[in-house]
Amino acid sequence: MTVSIAKQGRVAVVTIDNPPVNASSQAVRAGLLEAVAATEVDPDVDAVVLACAGRTFVAGADVREFDLPPVEPHLPDVIIAIEAASKPWVAAIHGTALGGGLELALGCHARIADAKARMGLPEVTLGLVPGAGGTVRLPRLVEAELALTMIAGGKPISAKAALEAGLIDAIATGDLLEEAVALANTLDAPRRTLEKAVVGTTNPDAFDKTASGLRRKARGQVSIGAAIDAVERGLRLPAQKALAEGRATFLALKSSDQAHALRHIFFAERATLADPRAKQTPRPVTRIGVIGGGTMGAGIASACLMRGFHVTLIERDDTSLAAGTNRVRGTLDSSAERGLLPDLNAVVARFETATDYAALADADLVIEAVFEDLEVKNQVFAQLDAVTRPDAILATNTSYLDVNAIAGVLTDPSRAIGLHFFSPAHIMKLLEIVLPDMVAEDVVATAANLSKSLGKIGVLSGVCDGFIGNRIMSAYRAEADRLLIDGATPEQVDAAMRDYGFPMGVFEMQDLAGLDIAWAMRKRRLAEGRISDPYIRIADRLCEMGRFGQKTGAGWYDHSDKGVQPSELVMSIIAEERQMMGKADPSFPTEHVMPRILGAMTREAEAVLAEGIARSADDIDVVMVNGYGFPRWKGGPMFASRAVAD
């Protein structure tokens, strides 16, 4: 049964069992209404505990139902029935209570959670607002600013934070169900959330500042503004009116283009590792080596350490090793300060460093993150081949280079794979898993399993110059250069991309990442005779002048303590290149910028798909959304192009 009832003394335990995440599907909703009716008339029941089987409390709605006609009973009606019950209901929360799951808990009369539980209302990530009373009930339990950040920001909070805020009544120190039953036995009558007054805020200015910041970050995502408005209605309107308006907003957003796009990317992210090779039995990995302690290597080492792996960092000399160690420790210390590492000492105890590759003799997996040069990487792999176990997996973090060529250095190329992390590696969710021709299936499965262990979204890619993401980015970056020749300015292109929903434009992004990385790639392509026609030299000229971006104080823009400013020098170089190419017109219609950028992006994406580099169009969308800032609420370039065609 999806919902069952058992008794412990005079307390009924209503248990939802709807694996894998106990989503509040129609069967669950109907079962809960039946449970309310049954416990209400049972003379042997004084109180009710709502619990869930499996690994989590209700972790949200069944998203698959969103594209179907609604079927009764609706979740708001179920929650109203629970809240109106004459006998107290206690929610026993473990795992995650998200979306409709937390709304169910808010409708109960008391809440207890285990220490590891997390609670949130992340509907904005699906283009929605809470539709079953969350925007009205939450501000009656917690301060307005927290309600705002949970609802419009979509971020869950820990059990500890929930207790401190008043969202839950207790944290279980022993058996959750036993303590939930004990709590239920102490309740003489229901404590209905809707009957409470709103908590309000002790700092209206902070509330307004948070709301303004969220609106700025929305970058065109409608649901964030709608969520802010819903919270504000929940704070000032009578409860029933606020409930009705919140539900109406939810229903209107559910059928919006943005919600469809966000549901698309939601499902696409969960299907990236559906390839049979990713489902084989993985090799065990507990000890990981990282070659290179620069920004990327230190980030990879930090990501692995924070997820429980033993990490050995290798650098070429003591000075470089000290710098790399400091980078890792800085990341770990910062994470600990933000409460992300409960036991920093235990994490540090798993961290070792060395300048001798022999320290990797017992490593299960080694990831190189050295300079983006094929000869250098081949030398690293040759050394690793000599010192590592024959069954150890050797991974390259290359962004562009031929993983087949790197694998070919090994005695057994089947143990080589590409693991392309994105910077900062301990934060960015995307991991491109690049599959050379000879890779063993269990090596693919191990990489897929590692991506999950690290909390990453792993996407399989074939071998080509730049793989999925950087290949597509190179195409639209080249188109951006052509826009400059045709009369656009860097700030005009960047502003158009921000207006579309990107967090930053292509030239801003290059300044942040460093122009020298792409310069090395272009020089390699020039040497191989693989250049675009006509070849645009603007970026090369900037690099020749040492203008590598933020790290040198100058790139496409001038960077100083006063901020970022357009560069007259850059504009003069652009003007010179325009003139040499016979394009003297210094103006370009802004409305033509994004069609050009998106057209280049989509054409290259179609080629990537046709060549089998990407497994599916959905995988391309996942890469571009999670690695390159394509607006999530547009679903990715492939989804967006289909939407335009339709």
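Predicted model: local features only at pLDDT ≥ 70, side-chain atom pairs only at ≥ 80, totals over all residues.
Let's start with helix H2, residues 75-84: Leu75, Pro76, Val78, Ile79, Ile82 and Glu83 are buried there. Buried means under 20% relative accessible area, exposed over 50%, partly exposed in between, with a 1.4 Å probe and protein chains only. Helices (H or I, at least four residues) and strands (E, at least two) are DSSP runs, numbered from the N terminus. Down the axis of H2, the buried residues fall within an arc of 160 degrees, so they line one face of the helix. That arc is taken over the directions from the helix axis to the C-beta atoms. The background: an α-helix has 3.6 residues a turn, so residues three or four places apart point the same way.

Residues are numbered from 1 along each chain as its sequence is written, and side-chain values use heavy atoms, with hydrogens and water left out.

What covers the buried residues of H2? The cover includes helix H1 (26-41), strand S4 (89-93), helix H3 (100-107), helix H4 (134-137) and helix H10 (239-254). Contact here means heavy atoms within 4.5 Å.

Take H1 against H2. Their axes come within 10 Å and cross at roughly 20 degrees. Axes are lines fitted to C-alpha atoms, for helices over the stretch in contact, and angles run from 0 to 180 degrees between N-to-C directions. That makes H1 roughly parallel to H2. The cut-offs: under 35 degrees is roughly parallel, over 145 roughly antiparallel, 65 to 115 roughly perpendicular, and the rest oblique. On the H1 side, the contact uses Arg29, Leu32, Leu33 and Val36; on the H2 side, Leu75, Asp77, Val78, Ala81 and Ile82.

Next pair: H12 (residues 295-306) and H13 (residues 318-337). They pack at about 45 degrees, axes 9 Å apart. H12 and H13 are therefore oblique to each other. Residues in that contact include Ala298 and Leu305 of H12, and Val328 and Leu332 of H13.

The angle is about 75 degrees, and the axes are 9 Å apart. That makes H19 roughly perpendicular to H24. Val493, Ala496, Met497 and Tyr500 of H19 meet Val593, Met594, Ile597 and Leu598 of H24.

Now the cores. A nonpolar core is a set of buried Ala, Val, Leu, Ile, Met, Phe, Trp, Tyr and Cys residues joined through side-chain atoms within 4.5 Å. The largest has 66 residues, and Trp89, Met119 and Leu167 have the most contacts inside it. Helix H5, residues 144-152, gives the most to this core, with six residues. Another core lies apart from it, with 59 residues, among them Ile472, Leu484, Tyr500 and Val623.

Last, the backbone. Most residues other than glycine have a negative phi, and most peptide bonds are trans. The bond from proline 19 to proline 20 is cis, with omega near 5 degrees. Proline 20 sits in the loop between strand S2 (11-16) and H1. Asparagine 22 is in the loop between S2 and H1, with phi near 55 degrees. Is asparagine 22 buried or exposed? Asparagine 22 is buried, at a relative accessible area of 2%.

Arginine 219 also has a positive phi, about 50 degrees. Its loop joins helix H8 (204-218) and helix H9 (222-236). Arginine 219 is partly exposed, at 35%. Finally, the bond from serine 423 to proline 424 is cis, with omega near -5 degrees.
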